[in-house]
Amino acid sequence: MDSAAAECWMREALSEAREAEAAGEVPVGAVVLLNGKIVGRGRNNLIGGRDPTAHAEIVALRQAARNVANYRLPGSILVVTIEPCVMCVGAMIQARVEELIYGAADPKAGAVHSRYQLAEENLLNHRIKVTSGVLEEECGAILKAFFASRRR
């Protein structure tokens with residue numbers, strides 16, 4: 001995907017992140033694309049959903065799987081505002097996501113580049129093409145502002 005298209009889709013993910021923030025959740029958003037169309041949207045819903053697995057990526061993957069009536073999503077692209085954690089990368093591998101595009105790195109829990117490199121792990125049965133740093137400053141800023149407001 002070219003950088004202009006990646007930025008366009010990341011703005012959709014950022015919109016989801018803002019919705020999460022408005023609901024009192026950590027502002028992370030995601031979209032799943034298939035054949036150039038959004039088939040799944042997600043935003044963090046851990047608190048509201050009382051669900052520790054309700055990360056934006058998982059919510060978007062669940063919606064995409066329902067919409068295409070298949071738990072496998074070959075050819076799909078997941079766009080998310082922050083580097084995914086171990087759980088979310090695992091779900092992407094299970095769903096056979098083809099490509100991941102993310103904004104800000106997560107030095108504490110990132111499982112793509114920062115802490116682990118699971119998307120390209122040779123011991124696993126699927127690898128995911130990764131593009132990082134798309135609208136990185138904007139994606140990082142929304143998280144930094146959220147946590148700064150919580151510390152006040």
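Buried means under 20% relative accessible area, exposed means over 50%, and partly exposed is anything in between. Keep that in mind for the views below, all of which come from a predicted model.

**View 1. Serine 15, a partly exposed residue of helix H1.** Serine 15 sits in helix H1. Its relative accessibility comes out at 34%, so serine 15 counts as partly exposed.

**View 2. The largest nonpolar core and methionine 92.** This core brings together 45 residues. Met10, Leu61, Leu78, Val79, Met92 and Leu100 are the ones with the most contacts inside it. At least two core residues come from each of helix H1 (3-22), S1, H3, S3, H4, strand S4 (99-104) and H5. H1 is the biggest giver, with 6 residues. As a general matter, nonpolar side chains in soluble globular proteins tend to be buried together. Now zoom in on methionine 92: setting aside neighbours within four places in sequence, methionine 92 is in contact with Leu61, Leu78, Pro84, Val97, Leu100 and Ile128.

**View 3. Helix H3 and what its buried residues pack against.** H3 runs for 13 residues and spans 18 Å from its first C-alpha to its last, close to the 18 Å expected at 1.5 Å a residue. Which of its residues are buried? They are Ala56, Glu57, Ile58, Ala60, Leu61, Ala64 and Ala65. These buried residues pack against strand S1 (29-34), strand S2 (37-43), strand S3 (77-82) and helix H4 (86-95). Just past the end of H3, alanine 69 takes a positive phi of about 55°.

**View 4. Threonine 53, in the loop leading from H2 to H3.** Threonine 53 is found in the loop between these two helices. With a relative accessibility of 27%, it counts as partly exposed. Leaving out neighbours within four places in sequence, threonine 53 is in contact with Ile58, Arg62 and Met87. Alanine 65 is 12 residues away from threonine 53 in sequence, and 16 Å separates the two C-alpha atoms.

**View 5. Glutamate 99, a buried residue of strand S4.** Is glutamate 99 buried or exposed? Its relative accessibility is 6%, so glutamate 99 counts as buried. This residue belongs to strand S4. Beyond its neighbours within four places in sequence, glutamate 99 is in contact with Met1, Ser76, Ile77, Leu78, Ile128, Lys129 and Thr131.

**View 6. Isoleucine 142, a buried residue of helix H5.** You'll find isoleucine 142 in helix H5, and at 12% relative accessibility it counts as buried. Not counting residues up to four places away in sequence, isoleucine 142 touches Leu14, Ala17, Arg18, Glu21 and Pro27. Cysteine 85 is 57 residues from isoleucine 142 along the chain, with 18 Å between their C-alpha atoms.

**View 7. The largest pocket and its lining.** This pocket has a volume of about 590 Å³. There are 24 residues in its lining, with Val26, Ile82, Asp106, Leu143 and Phe147 lying nearest the centre. Helix H2 (46-49), helix H3 (56-68) and helix H5 (136-151) are the elements that give two or more residues to the lining. Which element supplies the largest share? That is H5, with 5 residues. Sorted by class, the lining has 14 nonpolar, 3 polar and 7 charged residues.

Key
Residues numbered from 1 in each chain as written. Predicted model: local features only at pLDDT ≥ 70, side-chain atom pairs only at ≥ 80, totals over all residues. Heavy atoms only, no water. 1 Å grid on protein atoms, 1.4 Å probe; cavity = no way out; pocket = protein on both sides within 12 Å on 5 of 7 lines; lining within 4 Å. Points joined across faces, edges and corners; volume = space filled by probe spheres on them. Helix = DSSP H or I, 4+ residues; strand = E, 2+ residues; numbered from the N terminus. Nonpolar A, V, L, I, M, F, W, Y, C, P; charged D, E, K, R; others polar. Expected span 1.5 Å × (residues − 1). Buried < 20%, exposed > 50% of the residue type's maximum accessible area, 1.4 Å probe, protein only. Contact = heavy atoms within 4.5 Å. Core = buried A, V, L, I, M, F, W, Y, C linked by side-chain atoms within 4.5 Å.
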